[in-house]
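Subject: Structure handover

Hello,

Here is the structure I said I would pass on. My notes on it follow below.

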Amino acid sequence: MGPFLVILFVVIVLILIFTNIRIVPQATQFVIELLGKYKTTWDAGIHVKLPLVERVSKRVTLKEQVMDSPPQPVITKDNVTMQIDTVVYFRIFDARLYTYGVVNPISALENLTATTLRNIVGEMELDGTLTSRDIINGKMTNILDDATDQWGIKVTRVELKNIIPPAEIQNAMEKQMKAERDRRETLLQAEGHKAAAITRAEGDKQAMILAAEGERDARIARAEGEAKAILLSKQAEADGLKALKEAGVDAAVIELKKYEALVNMANGTAAKLIIPTDAVNAVTNNAIFSETTGLGDNVKSAKKPTPPVKKDECCDK
């Protein structure tokens, strides 16, 4: 009987040991109680609990969780009732506080989310609520995170999923949106017409400026051409006079050339040549002056032969 009892005892001990072995999965914690009192928290791994006196009070996952709250009525500051539903992202960072901090922590978090949303939206008007989602999300995240620390819950993010105003408000908003779009369309068309008119006016102005500049350049070019022609003509006359002067031509020859030019001009059968009195006097004076002084004669007058001197026989003797 003795060995049989020993074997039986050993078998019972082994059965108790194997039946009290617990393996904690990754990202999970077990809350252990000893005789109904909190003892410790098991992390991931293999553990053995004392039979009959220890028990696993709660299995808690440390993964991030999502709580989708159903739509709930919320009244804004300007007395508009809207249906808003939220999505809360949270995780448990302390299994002990999560187990003993509050009864049914998920339900407590849902109620806290609803009351916080009503408080925040109740201080805002309808337009502010529709356009300030980021502000509402940030405020709710901060408030819920601070309130749930004592429950072992960390709120990481809160998002407003849907904001549904009443039907009459939606109709008014659609009409307002259509009116705003019509106003913008009219404004854009007016700005387009204005820009087109300004562009046309600037084009006409530029064309007139270019035409005036072209006319000015043409006049300058014509004036420069005429001035150059006059300069060249005067230069030719000066060169001709210089050449005549260098050739030794006197004033009488020049006057004669003038008269020859007049004769050539009057070389027609029906042409009449009228010579002013001053010109006739000038010719006469030139002829008299030439005969008197011998200047201006191209052919010198032949010398008269000197008569022989008769000898005086009386005197010569």
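Strands here are DSSP runs of E with at least two residues, numbered from the N terminus. On that basis Val-48 is found in strand β4, which covers residues 45–48. Please bear in mind that this is a predicted model.

Overall content

The protein has nine helices and nine strands. Of its 317 residues, 20% count as buried. The accessible surface comes to about 23600 Å², and carbon and sulfur atoms hold 60% of that surface. Among contacts in the protein with a separation of 6 or more, 62% are between residues 24 or more positions apart.

The nonpolar surface patch

Val-48 is also part of a nonpolar surface patch of about 740 Å². Helix α1 (residues 2–19) gives the largest share of the patch, seven residues.

β2 (residues 28–34) pairs with β3 (residues 37–42) in the antiparallel sense, over five bridges. Within this pairing, Ile-32 has Thr-40 of β3 as its bridge partner. The two strands form a hairpin with two residues between them. Leu-35, in the turn, has a positive phi of about 55 degrees.

β2 also pairs with β5 (residues 54–61), again in the antiparallel sense and over seven bridges. Here the bridge partner of Thr-28 is Thr-61 in β5. How many of the seven residues of β2 are buried? Six are, and the strand is mostly covered.

The nonpolar cores

In soluble globular proteins, nonpolar side chains tend to be buried together. The largest nonpolar core in this model has 29 residues. Those with the most contacts inside this core are Ile-84, Leu-117, Ile-136, Met-140 and Val-155. Two or more residues each come from β8 (81–92), α2 (95–100), α3 (105–121), α5 (133–147) and β9 (153–164). Of these elements, α3 provides the largest share of the core, six residues.

Apart from this core lies another, of five residues, including Val-24, Phe-30, Trp-42 and Val-56.

Two positions to look at

Which residues does Ile-84 touch, once its neighbours within four places in sequence are left aside? Ile-84 is in contact with Pro-70, Pro-71, Gln-72 and Val-74, with Leu-117 and Val-121, and with Leu-160, Asn-162 and Ile-163.

Ser-69 lies in the loop between β6 (65–68) and β7 (72–75). Ser-69 counts as buried because its relative accessibility is 6%, and the cut-off for buried is under 20%. With neighbours within four places in sequence again left aside, Ser-69 is in contact with Asp-85 and Thr-86.

Regards

Conventions:
Residues are numbered from 1 along each chain as its sequence is written. This is a predicted model: local features need pLDDT of at least 70, side-chain atom pairs count only at pLDDT 80 or more; totals for chains, interfaces and linings use all residues. Side-chain values use heavy atoms; hydrogens and water are left out. A nonpolar core is a set of buried Ala, Val, Leu, Ile, Met, Phe, Trp, Tyr and Cys residues joined through side-chain atoms within 4.5 Å. Buried means under 20% relative accessible area, exposed over 50%, partly exposed in between (1.4 Å probe, protein chains only). Helices (H or I, at least four residues) and strands (E, at least two) are DSSP runs, numbered from the N terminus. Contact means heavy atoms within 4.5 Å. Two strands pair if DSSP finds at least two bridges between them. Accessible areas come from the Shrake-Rupley method with a 1.4 Å probe; for residues, only the protein chains shown count as cover. Patches are made of residues with over 30% relative accessible area and no salt bridge: like charges are joined within 9 Å, nonpolar side chains (Val, Leu, Ile, Met, Phe, Trp, Tyr) within 5 Å. A salt bridge is a side-chain nitrogen of Lys or Arg within 4 Å of a carboxyl oxygen of Asp or Glu.
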